[in-house]
Amino acid sequence: MLKHFLPNQHVKSIFEITPHSLQEKGVKGIITDLDNTLVEWDRPNATPKLISWFEEMKQSNIKVTIVSNNNENRVKAFSHPLDIPFIYQARKPMGRAFRRALSEMGLRKEETVVIGDQLLTDVLGGNRNGFHTILVVPVAQTDGFITKFNRLVERRILNWFRKKGMIQWED
């Protein structure tokens, strides 16, 4: 059961994920979390560097869909100016939003990665639904109330993985 929380890959930042590295793996699509994955949870808009990252993905024919547990206003306000498809109130780690994103992109699981900053939502949901998962270090050091609780649980899981020699990175 705990292996469902183990990401396939770990990066310090979304910017370490390049079109070339994805294409080498046959990836044509990204399902990504929003808050603390792409930008701080309290930042309303994309940074210029993030806008360039999205543009680079688009130019490389890699589709991106934002899948967030946050509300419609938050996710739409962020995604709409960038013309990026999104799913709000996703109820991750449940699989419905992941399957919907996949369907809307017209891709298969094997062609898609799930990127996020939380084990209990993004990684668990991606792994349970058969995706390659990439855990990123959270952009912000602060979190909302529910996420603070999740982080406590995540630290225990990560420590267990470290003790078992299943991960080698440090947060």
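User: A nonpolar core is a set of buried Ala, Val, Leu, Ile, Met, Phe, Trp, Tyr and Cys residues joined through side-chain atoms within 4.5 Å, where buried means under 20% relative accessible area with a 1.4 Å probe, protein chains only. Which residues have the most contacts inside the largest nonpolar core?

Analyst: This is a predicted model, in which local features need pLDDT of at least 70 and side-chain atom pairs count only at pLDDT 80 or more, while totals for chains, interfaces and linings use all residues. Residues are numbered from 1 along each chain as its sequence is written, and side-chain values use heavy atoms, without hydrogens or water. Within the largest core, which has 24 residues, those with the most contacts are Ile17, Ile30, Leu50, Phe54 and Phe78.

User: Which element gives the most to this core?

Analyst: Taking helices (H or I, at least four residues) and strands (E, at least two) as DSSP runs numbered from the N terminus, two or more core residues come from each of helix H2 (48-59), strand S3 (63-67), helix H3 (72-79), S5 and S6. The element that contributes the most, with four residues, is H2.

User: Which strands stand at the edges of the sheet?

Analyst: Six strands, paired in parallel (a pair needs at least two DSSP bridges), form an open sheet in the order S1-S6-S5-S2-S3-S4. Each edge strand has a single partner, so one of its sides is left without a neighbour in the sheet. The two edge strands are S1 (9-11) and S4 (86-87).

User: In S6, which residue is the bridge partner of Ile115?

Analyst: Strands S5 (residues 112-116) and S6 (residues 132-136) pair in the parallel sense over four bridges. The partner of Ile115 in S6 is Ile134.

Terms used
Buried < 20%, exposed > 50% of the residue type's maximum accessible area, 1.4 Å probe, protein only.
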